[in-house]
Amino acid sequence: MQTETIIYMIISGILALLLALFQYAYKSKLSGNRSWLLMLLRFISLFAVFVLLINPKFNTVTYYNEKPNLVVAIDNSESIRYLNQTESTTDFITALKANEALNDNFNLEFYSFGKELNSVDSLSFDETQSNLALVFERLSEVYNNSISPTVLISDGNQTYGNDYTYLTKRYKQPVFPVILGDTTTYTDVKIQQLNVNRYAYLKNKFPIEVIATYNGNATVNTQLKITAGNAILFSKPVTFSKSQTSQIVNITLPANRVGVTSYRAEIVPLDNEKNKVNNIKNFAVEVIDQKTSVAIVSDILHPDLGALKKSIESNEQRSAEILSTVEFLNKSNDFQLVIVYQPTNNFRALFSEIDKLKLNKIIIAGTKTNWSLLNQLQSNFKQELTNQVEEFQPTLNQNYATFIVDNLNFGEFPPLKAEFGSTSFTVPYQTILYKTINGNQIDEPLLATFEINDKREALLLGEGIWRWRAQAYMNENSFNMFDNFMGKLVQYLSTNKRRARLNVNYESFYNGNDNVKITAQFFNKNYEFDDNATLNITLKNKATEAVKSFPFVLKNTNYEVDLSGLEAGDYSFTVKVNSENISKSGELKILDYNVEQQFLNANVTKLQNLASTSQGSSYFITNASEIANDLLNDSRFATVQKSTKKVVPLIDWKYLLALIALSLACEWFIRKYNGLI
């Protein structure tokens, strides 16, 4: 308690005593015990009031011991099983959990990882991907502000995500890798990487790049083959030696048939190879007979133009070209869709040409848009002219019913700049994104689509969409989500097919380690999204004739089914709405490829570098028992004594009020009883 508070308390006691004496000793005619009792009660009341006003406080200090955390991250991928390390891993985990000294000195936290990081319940070693970068990314969010040495039990082979050696530099904890595997070198030849485009165009040739590698000392000869079914399409002898450990082979194959065609690349195994699985890679190419060409027409330079082109061309079925109005008029027949970016006085002839060719279009308006002219050139909407600029943030319309729109966390996106004022439509329209000003959503579209006279159009009221693409990358570490959103918009506007009540979104083929997810939307007769429907998918394996059915699950504004785990093969499927006679069929292919089977050894060098850069130590699973003693003897991980300091009142105000009420009541009762009131 502070000295000033003590002085105030003493003064308060003296003052309360003087006031009580003045009333019952100097002024009062009472004498004897009653006078002293009343004086005591008055003193208590006054002193309690003064204490309540002063509110004296004092400090309490509590001491406690805080043990460091010991974070154990266990590789739960299939490669651990292929390296025959499952038993040694489970034995090591059991030993850690049973070590009393470790449990006395650390808070043990166990996690398993494959493609995601999870708290460990049991180990199955069946994860089809290994994302070690995500391990350190997630753990840094939880443990960066504490003492938390990390034991990483893994073979160090990563199949998914960013390179973990870079992310660990931001992880502030020492890492102690326990290496599952050995340093034994096996003779091995494998297809390290195969690069091929997902799509090809009919009657064209598509390129394939095969990177083959060799691990060994002798000179060996083998053969690279590309087959489709039983037909050998390409064959070439390849030679490896101690000095020439890799070969890059470039191939071109013809695209003669529309649809998905499966291929098989194979390096013929050597006689003494241990792992022959990595000699083969299956891949597929979808041959299409046309390509959607999109014209981005603008007479000004803006970062949005490059962002739109990149986003559209992320899908190999589409191409985009940035043109001026004059350049577009010279080749207008080459395009199926036109993006009219911030039309100015030069766009009269362009709008006339678009109407003549009956092309679909997207109009993007911004601060440089000539709205007086744009209001004249078309009659579908009108913009109020204010000559003022406003910033609008997007809010997704969850009830948009034209095509499936994924929520990209639009609320976190930067605002777009556009003309301030209301926009009125003269045709029926569907709002994809609403305008939001200062956190308040208004009932006006920022992005809308509409159909009129067998033509489809979209209107985006704002410039700065390049910032959206950049923000999407910051949120997801990938442009894919934003590019998919733009791709769906372009796909819808590139065709004039009649809208269907049931829409199914899927890929023609999936790699064996991919997430096989199919999404669908179902609309009622008024084309409003129906979130009470029951959808099922029935798949039939064309080779085995096996039939499986799965229900769709409602997820935001679409239905989704996860088919990951299906065996490789060709499937036909039918999506059906149970309550109505509506269905949609299709075909998909799952390629036979397991990336976790490609490894012969642990990545010892990478794990040892990880240990040294993080100031930890590495261990092989055969001598991992040493890790417990090293952790216990490391002074960096000692138990820390900490204290908490709290400032608490000397007397709780509730008790003071009760004391004041009680003393005043007693004083009043005694005075009343003796006829003094």
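Modeller: Start with glutamate 137. Its relative accessibility is 27%, so glutamate 137 counts as partly exposed. Keep in mind that this is a predicted model.

Biologist: What does the side chain of glutamate 137 meet in a salt bridge?

Modeller: Arginine 138. The N to O distance is 3.5 Å. Arginine 138 is partly exposed too, at 33% relative accessibility.

Biologist: Which residues are linked with them in a network?

Modeller: Glu141 joins in. Salt bridges link Glu137, Arg138 and Glu141 in a network.

Biologist: How many salt bridges does the structure hold?

Modeller: The count is 20.

Biologist: Let's switch to helix 10. Which residues does that helix span?

Modeller: Helix 10 covers residues 348-357. Glutamate 353 and lysine 356 both sit in it, 3 residues apart, or about one turn of the helix. Their side chains form a salt bridge, 3.7 Å from N to O.

Biologist: Is glutamate 353 buried or exposed?

Modeller: Buried. Its relative accessible area is 15%, and the cut-off for buried is under 20%.

Biologist: And lysine 356, buried or exposed?

Modeller: Exposed. Lysine 356 has 62% relative accessibility, and exposed means over 50%.

Biologist: Last one. What does aspartate 634 form a salt bridge with?

Modeller: Arginine 636. Their closest N and O atoms are 2.8 Å apart.

Definitions and conventions:
Residues are numbered from 1 along each chain as its sequence is written. This is a predicted model: local features need pLDDT of at least 70, side-chain atom pairs count only at pLDDT 80 or more; totals for chains, interfaces and linings use all residues. Side-chain values use heavy atoms; hydrogens and water are left out. A salt bridge is a side-chain nitrogen of Lys or Arg within 4 Å of a carboxyl oxygen of Asp or Glu. Buried means under 20% relative accessible area, exposed over 50%, partly exposed in between (1.4 Å probe, protein chains only). Helices (H or I, at least four residues) and strands (E, at least two) are DSSP runs, numbered from the N terminus.
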